[in-house]
Amino acid sequence: MTHVLTLVAMRDAASLTPALIAQVRDITGGGPVTVLSQGEAVDVACAAAPNPDHVRAALDGAPIDAIATLADGRRKRLLIADMDSTIIIGETLDD
C-alpha cells in the first residue's frame, strides 16, 4: 500500500460507524483499516492516492475530515494545529 487515508470525526458532531468506514474503503479501493480511536479516527491503507471526489461522495456530507498521505515517511514529528478548537474544547484566551 502506497497511501494512507485518515478519517477523523469530531466527537460530538459525527461518528465513524463501521458502515461508513466500509463505504469509504470500498469506494477508494482501500485495504486494511486501523482504528486509531473508536468512532473517531481510522487509517485506511490504499494502493494509490484516493480520489478526493470519491471520498467526498462516500462521506455523503458527514462532518468528517479526510487526509491522504504517502505511506512512506509517515512518522509524525510535528503537529501544527489551530489550538482554539482542534485539540482542546474552550477558548484559550479566556483560560
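Biologist: Let's begin with Asp53 and Arg56 in helix α2: about how many helical turns separate them?

Modeller: Happy to start there, and please keep in mind that this is a predicted model. Helix α2 covers residues 52-59, and Asp53 and Arg56 both belong to it. Because Asp53 and Arg56 are three residues apart in this helix, their separation is about one helical turn.

Biologist: And what N to O distance do the side chains of Asp53 and Arg56 show?

Modeller: Side chains of opposite charge can pair when their charged atoms come close. Asp53 is exposed, and Arg56 is exposed as well. Their side chains meet in a salt bridge, and the N to O distance is 2.7 Å.

Biologist: Let's step back to the whole chain. In what order do its elements run from the N terminus on?

Modeller: The chain holds two helices and four strands. Among them are helix α1, at residues 18-28, and strand β2, at residues 30-37. Read from the N terminus on, the order is β-α-β-β-α-β.

Biologist: How much of the chain counts as buried?

Modeller: The accessible surface of the chain comes to about 6,500 Å², and carbon and sulfur atoms hold 55% of that area. Among contacts with a separation of 6 or more, 67% join residues 24 or more positions apart. Of the 95 residues in the chain, the share that counts as buried is 27%.

Biologist: Are helices α1 and α2 roughly parallel or roughly antiparallel to each other?

Modeller: The axes of α1 and α2 are 9 Å apart, and the helices pack at an angle of about 155 degrees. Angles over 145 degrees count as roughly antiparallel. The two helices α1 and α2 are therefore roughly antiparallel.

Biologist: Which residues of α2 meet α1, and what is the handedness of the crossing?

Modeller: From α1, the residues taking part are Leu20, Gln23, Val24, Ile27 and Thr28. On the α2 side they meet His54, Val55, Ala57, Ala58 and Leu59. As for the handedness, the crossing of α1 and α2 is right-handed.

Biologist: Is Ile21 buried or exposed?

Modeller: Ile21 sits in helix α1. Setting aside residues up to four places away in sequence, Ile21 touches Leu16, Val33 and Val42. The C-alpha atom of Ile21 is also 8.5 Å from that of Leu7, 14 residues away along the chain. Because its relative accessible area is 10%, Ile21 is buried.

Biologist: What is the phi of Asp60?

Modeller: Most residues other than glycine have a negative phi. Asp60 is located in the loop between α2 and β4, and is exposed with a relative accessible area of 68%. Although Asp60 is not a glycine, its phi is positive, at about 50 degrees.

Biologist: Which residues does Pro32 touch, leaving out those up to four places away in sequence?

Modeller: Pro32 lies in strand β2 and counts as exposed, at 56% relative accessibility. Its C-alpha atom is separated by 6.1 Å from that of Val44, 12 residues away along the chain. The residues touched by Pro32 are Met1, Asp43, Val44 and Ala45.

Biologist: Then how far is the C-alpha atom of Met1 from that of Ala71?

Modeller: Met1 is placed in the segment before β1 and counts as exposed at 58% relative accessibility. Beyond its neighbours within four places in sequence, Met1 has contacts that include Gly31, Pro32 and Ala71. Met1 and Ala71 are 70 residues apart along the chain, while their C-alpha atoms are separated by 7.1 Å.

Biologist: One last stop: which residues does Leu70 touch, not counting residues up to four places away in sequence?

Modeller: Leu70 belongs to strand β4 and is exposed, with a relative accessible area of 54%. Leu70 and Ala45 are 25 residues apart in sequence, and their C-alpha atoms are 9.9 Å apart in space. The residues that Leu70 touches are Thr2 and His3.

Key
Residues are numbered from 1 along each chain as its sequence is written. This is a predicted model: local features need pLDDT of at least 70, side-chain atom pairs count only at pLDDT 80 or more; totals for chains, interfaces and linings use all residues. Side-chain values use heavy atoms; hydrogens and water are left out. A salt bridge is a side-chain nitrogen of Lys or Arg within 4 Å of a carboxyl oxygen of Asp or Glu. Buried means under 20% relative accessible area, exposed over 50%, partly exposed in between (1.4 Å probe, protein chains only). Contact means heavy atoms within 4.5 Å. Accessible areas come from the Shrake-Rupley method with a 1.4 Å probe; for residues, only the protein chains shown count as cover. Axes are lines fitted to C-alpha atoms, for helices over the stretch in contact, and angles run from 0 to 180 degrees between N-to-C directions. Angles under 35 degrees count as roughly parallel, over 145 as roughly antiparallel, 65 to 115 as roughly perpendicular and the rest as oblique. A crossing is left-handed if the near helix is turned anticlockwise from the far one by less than a right angle, and right-handed if clockwise.
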